[in-house]
Amino acid sequence: MRDLRLISQMLVKSKFLFLNHTGWFGKGMRRREPEKAELLIYCAFRLFSERGINKVNMDAIAAEAGVTKGSLYWHFKSKKEVILAACLRYYRNWQQKVSQE
């Protein structure tokens, strides 16, 4: 429950990360491969759900996704950005499901 509150607070405070048709961007970020970013977000969310945010590091996310740590940092400059992206993905999925009902 504490992790969920932390995620919610970070998501609300985040104003620098957004998704458009070409992929994930943040302040000063270059174009990324959207498919790889989505894979990283999916793997990160799964690990956060299983272990909790504080027990997951960038090495674990990269290993779960089958990429190098450098590749992970190419898409996200920090763990905070990964957390925010995972929360945003979860929220958008939830929003779609609710609107379909």
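## Helices α2 and α5

The axes of α2 and α5 come within 9 Å and cross at roughly 90°. Helices here are DSSP runs (H or I, at least four residues), numbered from the N terminus. Axes are lines fitted to C-alpha atoms over the stretch in contact, and angles run from 0 to 180 degrees between N-to-C directions. α2 and α5 are therefore roughly perpendicular to each other (65 to 115 degrees).

This is a predicted model: local features need pLDDT of at least 70, side-chain atom pairs need 80 or more, and totals for chains, interfaces and linings use all residues. Residues are numbered from 1 along each chain, and side-chain values use heavy atoms, without hydrogens and water.

## Helices α2 and α3

Helix α2 (residues 34-51) also meets helix α3 (residues 58-65). Their axes cross at roughly 120° and come within 9 Å.

From α2, the contact (heavy atoms within 4.5 Å) takes L39, L40, C43, A44, R46, L47, F48 and R51. From α3 come A60, I61, E64 and A65. By class, nine are nonpolar, none polar and three charged. Nonpolar means Ala, Val, Leu, Ile, Met, Phe, Trp, Tyr, Cys and Pro; charged means Asp, Glu, Lys and Arg; the others, Gly among them, are polar.

## The second largest pocket

The second largest pocket holds about 180 Å³ of space. A pocket is an open set of points on a 1 Å grid where a 1.4 Å probe fits, with protein on both sides within 12 Å along at least five of seven lines; lining residues have an atom within 4 Å of a point. The volume is the space filled by probe spheres set on the points.

Its lining includes E38, Y42, R89 and W94. Five lining residues are nonpolar, one is polar and four are charged.

Terms used
Helix = DSSP H or I, 4+ residues; strand = E, 2+ residues; numbered from the N terminus. Parallel < 35°, antiparallel > 145°, perpendicular 65-115°, else oblique.
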